[in-house]
Amino acid sequence: MSEEDEMHGVRSGFATTNDGVRLHYLEAGSGPDMLLVPGWSQTAAQWRHQITDFARTHHVVAVDHRGHGGSDKPDHGYRVARLSTDLHQLIQHLDLTDIVWVAHSMGCALAWSYWDLFGGDRLARLVLFDEPAVLVRQPYWTDGLDEHLGALYGLGQIADVVAGLRDPCSDAETLSAKFLDAMWTPSAEEGDRQWVLAQNLLLPREYAGRLLLDNVMQDWRDVLTRITVPTLVMGGNDSVIPSAAARSVASAIPGATVRILHERASHFAFWENPTAFNREVRAFLDTPVDADGHLASARRRDSDAANPRETSANEA
């Protein structure tokens, strides 16, 4: 049974980029446009809990990046700028407007690249989950800057991972499994872990290595200050990405709101605890925007999604 068959009412489609690559996407619902953008090596099907929920109120599109999932797997284009260009072309193909862009991990970097290249064309709101503006620590930084930004990798550390993915003599599948293991909470079910690993391996490991290297070497701080649409930045208390990253990103984007999830709040919180994740996104979408494009009644900038009233929902 296909992933879309398991999600009632979800349709599958393809769009072709200007360099001839067919991008696969899942589509459901009607109403305002919402684009679900996966992270590195992730797939559209991993958004299933968001697709089925938000399709009740939105026209939801979830994309497989080139090389990922059901999309074509060319031998070129595994760069953040190319993937964000692919998304721009998909948006034009589907004629999406006033888009709510919901991003996970590298999907946030694609949003920042998109803003850099296309000035936020057709975007209405951003939801950015669990990605620092800078991933690799630099030796010349002042003390504490890496912790403030949530930059968690050393250059040598990430170089070893990239080499392991690209070396045809290495056990890239085992390396990928270990890399992903850190992204779950201990309570994650083994079946979920194995399914997500299988989804990740749909991207050939050589291409995964190329894309990972390009992604981690970016520094998006100069883009954040230029974002002008209402933005929700989310992090997870149990994530491999420090929650400081979400606070740092939100502090740089004018008017942004930050929410830190608790309870099964891993890097895959949108899968492990979709009730809490989706609730925060809906609350953000339900907050009206004033004439200047700012949230009319913004919640606390550094609020914490773990008060007693919310605990039962987080554990649902």
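Predicted model: local features only at pLDDT ≥ 70, side-chain atom pairs only at ≥ 80, totals over all residues.

Colleague: Why is Thr17 called buried?

Modeller: Buried means under 20% relative accessible area, exposed means over 50%, and partly exposed lies in between, with a 1.4 Å probe and protein chains only. Thr17 has a relative accessible area of 6%, and is therefore buried. Thr17 is in the loop between strand 1 (11–16) and strand 2 (22–28); helices (H or I, at least four residues) and strands (E, at least two) are DSSP runs numbered from the N terminus. Contact means heavy atoms within 4.5 Å, and, not counting residues up to four places away in sequence, Thr17 touches Leu23, Arg66, Arg82, Asp86 and Gln89.

Colleague: What makes Asp292 exposed?

Modeller: The relative accessible area of Asp292 is 65%, so Asp292 is exposed. Asp292 belongs to the loop between helix 13 (274–286) and strand 9 (302–305). Its C-alpha atom is separated by 10.0 Å from that of Val229, 63 residues apart along the chain.

Colleague: Which label does Asp121 receive, buried, exposed or partly exposed?

Modeller: Asp121 has a relative accessible area of 29% and is therefore partly exposed. Asp121 is found in the loop between helix 4 and strand 6. Leaving aside neighbours within four places in sequence, Asp121 is in contact with His88 and Tyr114. Ala182, at 45%, is partly exposed as well; Ala182 lies in the loop between helix 7 and helix 8 (190–200).

Colleague: What is noted about the phi angle of Ser41?

Modeller: Ser41 is not a glycine, yet has a positive phi of about 70 degrees. Ser41 is in the loop between strand 3 and helix 2, and its relative accessible area is 1%, so Ser41 is buried. Arg122, also not a glycine, has a positive phi of about 70 degrees. Arg122 is placed in the loop between helix 4 and strand 6, and its relative accessibility is 28%, so Arg122 counts as partly exposed.

Colleague: Why is the pair of Trp40 and Phe179 called edge-to-face?

Modeller: Rings of Phe, Tyr and Trp (its six-membered ring) pair if their centres lie within 6.5 Å; planes under 30 degrees apart count as stacked, over 60 as edge-to-face and the rest as tilted. Trp40 and Phe179 are 5.6 Å apart centre to centre with 85 degrees between the planes, and the pair is therefore edge-to-face. The pair links distant parts of the chain, 139 residues apart: Trp40 is in the loop between strand 3 (33–37) and helix 2 (48–54), and Phe179 is in helix 7 (residues 172–181). Both Trp40 and Phe179 are buried.

Colleague: How many aromatic pairs are found in the whole structure?

Modeller: The search finds ten aromatic pairs. Ring pairs also link Trp47, Phe129, Trp184, Phe268, Phe270 and Phe277 into a cluster.

Colleague: How do you know that the charged end of Arg22 sits over the ring of Phe14?

Modeller: A charge sits over a ring if NZ of Lys or CZ of Arg is within 6 Å of the ring centre and within 35 degrees of the ring normal. The charged end of Arg22 is 3.9 Å from the centre of the Phe14 ring and sits over that ring. The charged end of Arg125 sits over the ring of Phe284, 5.1 Å from its centre.

Colleague: What makes a space a cavity rather than a pocket?

Modeller: On a 1 Å grid over the protein atoms alone, a cavity is a set of points where a 1.4 Å probe fits but cannot get out, whereas a pocket is an open set with protein on both sides within 12 Å along at least five of seven lines; lining residues have an atom within 4 Å of a point. By this rule there are three cavities of 30 Å³ or more. The largest cavity holds about 160 Å³, where grid points are joined across faces, edges and corners and a volume is the space filled by probe spheres set on the points. Of the 16 residues that line the largest cavity, Ser105, Glu131, Tyr153, Met183 and His267 are the closest to its centre.

Terms used: Residues numbered from 1 in each chain as written. Heavy atoms only, no water.
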